[in-house]
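This report is written for a reader meeting the structure for the first time. Please keep the sequence and the model in view while reading the sections below.

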Amino acid sequence: MRIEQYVLDHEPAIRLGVFLAVFGIIALWEVFAPRRARSLSRVLRWSNNLGLVAINTVLLRLLFPLAAVGVAAFAAERGWGLLNHFPLPLWFALPVAVIVLDLAIWLQHVMTHAVPALWRLHQVHHADADFDVTTGARFHPIEIVLSMGLKIAVIAALGPPVLAVLIFEILLNATAMFNHGNVRLPKNLDRALRWCVVTPDMHRVHHSTERDESNSNFGFNLPWWDRLFGTYRAQPRAGHTGMAIGLSGHTDPREVAWLDGMLRMPLRGEADGYAINRRR
C-alpha cells in the first residue's frame with residue numbers, strides 16, 4: 001500500500017523525469033552517431049512535434065485527471081478486473097500485467113492500420129519526413145484520447161497493480177523514444193536486442209513509404225508479437241540509409257512538419273480502404 005500511494009502521489013513527476021532523461025540521452029546519441037541524414041531542419045520538426053506533445057499532455061490531463069495509474073487504483077479499491085480476484089504475489093502480477101498491456105497496445109496499433117477512420121488519425125505519426133526521437137511521441141490528439149480510452153478499459157478489465165501500470169507507462173514511453181531514435185547500433189547488438197525489445201532498425205521498417213513494409217513491425221516495446229503473428233520484417237528492401245521515410249503523396253513540409261498541418265491532416269482527402277491490406 002505504501003508503494004501504491006507513493007506512485008499515486010508522484011506519478012507525474014516520475015514520468016516527466018524519466019521522459020526528460022531518456023529524451024536527452026537519445027537526442028545526444030542522434031547527434032554523435034546518427035543512422036541517417038536529416039531531410040528537414042531539426043528546429044522546424046522538433047518545435048512542431050514537441051508542440052503536438054504539449055497539446056496532447058494537457059488534453060489528457062484535462063480529460064483523464066486520474067490517468068492510467070489512478071484508474072488502476074480505483075479498480076483495486078472496488079475489486080474490478082481479473083487480477084484483483086486472485087491473491088497473486090506482486091512479483092508474478094507485475095510482469096503478467098505489463099505483458100498483457102503491451103499486447104493490447106500492439107493490437108491497437110494494428111487496428112490503426114486496419115480501420116480507415118483510425119488510419120486517418122495515425123497518418124500523422126507516419127507522415128513525419130524524418131525518423132527521430134520526437135517521432136515517437138508525434139500523434140494526433142484524437143488518437144491519443146482514443147488510445148487512453150482503450151488503455152483505461154483494459155486496465156478496468158485486467159485489474160493490474162498500480163505499480164505495474166506505472167512501469168508499463170514508463171517502458172512504453174521510453175522504448176518509443178528509443179526505437180524511433182535516429183541512432184546507430186552495431187549489427188550484432190541490434191540482432192541480440194531484437195529478442196527482448198524493439199530496436200530502431202526494427203521499427204524504422206514500419207515507417208517506410210512502401211506499404212507492405214509500413215504494415216510490418218507494429219511493436220513499440222516488446223518485439224514478440226510481430227514474430228508470433230507473422231508481421232515481422234527483418235530489414236527494408238532499400239536498406240536503412242536508402243529507404244524512404246514517411247507517406248507517399250504527403251511531402252509538403254507545410255502539411256507534414258507544421259503543427260496546423262498535422263492537426264488538419266485527418267480531414268484531408270478520402271480514406272482509401274484498409275491500409276493493412278497493402279502487404280505483399
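## The covered helix α5

In helix α5, the buried residues are Pro-116, Trp-119, Leu-121, His-122, Gln-123, Val-124, His-125 and His-126, where buried means under 20% relative accessible area, exposed means over 50% and partly exposed lies in between, with a 1.4 Å probe and protein chains only. Helix α5 is thus mostly covered, with eight of its eleven residues buried; helices here are DSSP runs (H or I, at least four residues), as strands are (E, at least two), numbered from the N terminus. The buried residues of α5 pack against α2 (42-63), α4, α6, α10 and α13 (259-264), and contact means heavy atoms within 4.5 Å.

This is a predicted model, in which local features need pLDDT of at least 70 and side-chain atom pairs count only at pLDDT 80 or more, while totals for chains, interfaces and linings use all residues. Residues are numbered from 1 along each chain as its sequence is written, and side-chain values use heavy atoms, with hydrogens and water left out.

Helix α4 (residues 90-114) and α5 have axes that come within 6 Å and cross at roughly 105°; axes are lines fitted to C-alpha atoms, for helices over the stretch in contact, and angles run from 0 to 180 degrees between N-to-C directions. The two helices α4 and α5 are therefore roughly perpendicular to each other, given that angles of 65 to 115 degrees count as roughly perpendicular, under 35 as roughly parallel, over 145 as roughly antiparallel and the rest as oblique. On the α4 side, His-109, Met-111, Thr-112, His-113 and Ala-114 meet Pro-116, Leu-118, Trp-119, His-122 and His-126 of α5. By class, the residues of this contact between α4 and α5 divide into five nonpolar, five polar and no charged, where Ala, Val, Leu, Ile, Met, Phe, Trp, Tyr, Cys and Pro count as nonpolar, Asp, Glu, Lys and Arg as charged, and the others, Gly among them, as polar.

Helix α5 (residues 116-126) also packs with helix α6 (residues 141-158), at an angle of about 120° and with the axes 8 Å apart. That angle makes α5 oblique to α6. The crossing of α5 and α6 is left-handed, a term used if the near helix is turned anticlockwise from the far one by less than a right angle, and right-handed if clockwise. Leu-118, Leu-121 and His-122 in α5 meet Ile-142, Glu-143 and Leu-146 in α6, and this contact of α5 with α6 has four nonpolar, one polar and one charged residues.

## The nonpolar cores

In soluble globular proteins, nonpolar side chains tend to be buried together. Here the largest nonpolar core has 31 residues, and those with the most contacts inside it are Val-69, Leu-101, Ile-155, Val-162, Val-165, Phe-168 and Phe-220; such a core is a set of buried Ala, Val, Leu, Ile, Met, Phe, Trp, Tyr and Cys residues joined through side-chain atoms within 4.5 Å. At least two residues of this core come from each of α3 (67-78), α4, α6 and α7 (162-179), and α7 gives the most, with eight residues. Apart from this core lies another, of 13 residues, among them Met-177, Val-183, Leu-185 and Val-197.

Ile-155, leaving aside its neighbours within four places in sequence, is in contact with Ala-68, Val-71, Ala-72, Leu-101, Pro-160 and Val-165. Leu-8, in helix α1, touches Val-69, Gly-70, Ala-73 and Val-162, not counting residues up to four places away in sequence. At 32% relative accessibility, Leu-8 counts as partly exposed.

Most residues other than glycine have a negative phi, and most peptide bonds are trans. Ala-67, placed in helix α3, has a positive phi of about 60° although it is not a glycine, and at 6% relative accessibility Ala-67 counts as buried. Asn-217 lies in the loop between α10 and α11 (224-229); its phi is near 50°, also a positive value in a residue other than glycine, and at 1% relative accessibility Asn-217 counts as buried.

Thr-209 belongs to the loop between α9 (200-204) and α10 (211-214) and, at 17% relative accessibility, counts as buried. With its neighbours within four places in sequence left aside, Thr-209 is in contact with Ala-244, Ile-245, Gly-246, Leu-247 and Ser-248.
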